[in-house]
Amino acid sequence: MKISIGCDHGGFKLKEKIKEYLTSKNIEVDDYGTFSSESVNYPNYAISVSKSVVDKKSDLGILCCGTGIGMSIVANKIPGIRAAVVGDTFSAKATKEHNNTNILCLGERVIGEGLALDIVDIWINAEFQGGRHQDRLDSITAVEQGNI
């Protein structure tokens, strides 16, 4: 498995912890930056990670910022991306099982490191359930393609 990861200045420390955790689990990580806590324009990083997922350069993506919200807004503008801000383990599992999310967004200023790593682990290991959930994803794809 390969995961693309990115952040802005508000999520830099959390991104580094997640990257370290994933590497310890023998998961390949492609880091799109930023590489410090200096202020940056977060959409650039959300776009880079999102494109890597859509272009199948990675299996999944993780984006970190202060709240996760800004990153998710940008990521969800990219056709084919289903990004979710997650702050609890139940939602981490549900968003993969029901929505087949391909990008996880986390807020460094909202959740602690331990919870963030639990969320990442649960999200990565959850599997899309298909069935009635696939019908809903097909509806989302129709919206993306302008067929509403």
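Predicted model: local features only at pLDDT ≥ 70, side-chain atom pairs only at ≥ 80, totals over all residues.
Modeller: Residues are numbered from 1 along each chain as its sequence is written, and side-chain values use heavy atoms, with hydrogens and water left out.

Biologist: Which residues does the UniProt annotation "active site" cover?

Modeller: The annotation, from an unreviewed entry, covers Cys-65 and His-98; such annotations may be inferred rather than shown by experiment. Their C-alpha atoms are 24.3 Å apart, so they do not all gather at one spot.

Biologist: Why is Cys-65 called buried?

Modeller: Buried means under 20% relative accessible area, exposed over 50% and partly exposed in between, with a 1.4 Å probe and protein chains only. Cys-65 has 5%, and is therefore buried.

Biologist: What makes His-98 partly exposed?

Modeller: His-98 has a relative accessible area of 30%, so the term partly exposed applies.

Biologist: What makes a set of residues a nonpolar core?

Modeller: Such a core is a set of buried Ala, Val, Leu, Ile, Met, Phe, Trp, Tyr and Cys residues joined through side-chain atoms within 4.5 Å. The largest one here has 24 residues, and Val-120 is among those with the most contacts inside it. Leaving aside neighbours within four places in sequence, Val-120 is in contact (heavy atoms within 4.5 Å) with Ile-18, Leu-22, Ile-62, Leu-104 and Leu-106. Apart from this core lies another, of 14 residues, including Val-53 and Met-71.
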